[in-house]
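Reader: Could you show me how to read a few features of a structure with me?
Author: Gladly; let us look together.

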Amino acid sequence: MLPPASRVPPFDFIVFGGNGDLALRKLLPALYQRDRDEQLPPPCRIFGLARSPLATADYVKRVEAACRAAASDGEFDATVWSRFAARLEYLQVDASDPASYSVLRDALERPDRLLRAFYLATVPDLFGVICRHAHAAGLIAASDRVVLEKPLGHDLASSAAINDEVGGIFSEDRTFRIDHYLGKEAVQNLMALRFANRIFERLWNADEIDHVQITVAERLGVEGRGAYYEGAGALRDMVQNHMLQVLCLIAMEPPLKFDAQAVRDEKLKVLQALCPIGAEQVRKLTVRGQYAAGTVDGKAVPAYADEIGTRDGTDTETFVAIRAEVGNWRWAGVPFYLRTGKRMPTRVSEITVQFRDVPHLIFDQQAGASAANRLVIRLQPDEGIQLFAMTKIPGPGGMRLRRAPLNLSFAEEFRTRSPEAYERLLMDVVRGNPTLFMRRDEVEAAWRWIEPIMDGWRASGEPPRTYAAGTWGPSASATLIARDGRAWTEDAG
């Protein structure tokens, strides 16, 4: 097992797909910020690899523009940038051509060989190919690591095939399957909230919790990612990884310690306990939708089919709502409502834990209606935690009740820059700490639960329900939760 370390060892960071959207928008700005915080030792180098011809000087200009765009006002430091730019090199490498790897081998050669982290920001079909060719070229040593971006395949069989190929070169403890949601401060604070505070753990069960909602909403459409999205859809893109990982952190049992294997063992148990949704239950327990033309932020936006430029129509879902249950002693009978979509009214990712009503209200009708406690964990934007509790309205006139939030805003409380998720995760790769990464059995357990839903949709032959851009999805989504006498948070008040 690779030991976690508090300090970052010197390393070479190699990004396949180094000229792509993910590298320029997330990975390289994250490494720049780590350099700004003096976490990159002087020998570190960063290589961007892609098929297109490009001079390193031109590549550095693209990366600088990306880092400036990602930095908050006043955060871009010219001195730090000069140091960071000196680490960058662009290499023209065709990942599918074994001969191309000699270019990378020559560039990496140095007397004091550094630890190498290979980040595969490419299509999943190339993951195994890159690992085989890099190994054949003599580029991989026993201490080197590989980072795999999602989606890891498009179903269980393809995921297992990729894992087999990569696993033939990199052992499990050197394989880092990244889910950037696990690097978010608010997601990690969910673990602190549960396991460092006695008051919540005693309430964290079916006796006290009525239901849980997890919402990941985006204002944007596919934004030039139509080719990728057509092969994925919202279920594969968001539910199979991000949302199920968040569900695991909510529902998991306390691990014996904050250790990679202990944490992931407990997450796996949750995935294995998810009640199956078979073909006959898909219509009742799931909703899929696709946005039509509408208005977002006061601007007219096109339908999904128009945005990706197809005249023949498409069955790809841009919205999913699911009623899930965890079939174990702690959570039996508690619904977990998952909802994600593009072209929503607002951009928000949050978890709502709805507690049960008080068993008996001692106040008379003049005090007003009682509302059950609600815990809201905001993942983005404005990360924070709110606990809604009943309080007395100040002033004379007797006992009058109103629900009000106890508010923890991370920005206001800690008054420091909150690192982006990729900043933490990339350093964890180099340190060899896999706690916030997915283990192979987790990924495959998630696919086992997701696949019957996909099969049920195909078998039904029904197209996704349309919803106007700028709304909260198809009306069937509201019906899904209303059948249980509940409502989505924005409708529940």
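Predicted model: local features only at pLDDT ≥ 70, side-chain atom pairs only at ≥ 80, totals over all residues.

Reader: Is strand E1 (residues 11-16) buried or exposed?
Author: Buried means under 20% relative accessible area, exposed over 50%, and partly exposed in between (1.4 Å probe, protein chains only). Strands are DSSP runs of at least two residues, and helices (H or I) of at least four, numbered from the N terminus. Six of the six residues of E1 are buried, so the strand is largely enclosed by the rest of the structure. Phe11, Phe13 and Val15 point one way, while Asp12, Ile14 and Phe16 point the other.

Reader: Which strand does E1 join through six bridges?
Author: Two strands pair if DSSP finds at least two bridges between them. E1 runs parallel to E4 (residues 115-120), joined by six bridges, and Asp12 stands opposite Arg116 there. E1 also pairs in the parallel sense with E2 (residues 45-50) over five bridges, where Asp12 faces Arg45.

Reader: What span should helix H10 (residues 260-273) have?
Author: The expected span is 1.5 Å times one less than the number of residues. For the 14 residues of H10 that gives 20 Å, and the end C-alpha atoms are 20 Å apart, which agrees.

Reader: How accessible is Val358?
Author: Val358 has 47% relative accessibility, so Val358 counts as partly exposed. Val358 lies in the loop between strands E13 (348-355) and E14 (374-380).

Definitions and conventions. Residues numbered from 1 in each chain as written. Heavy atoms only, no water.
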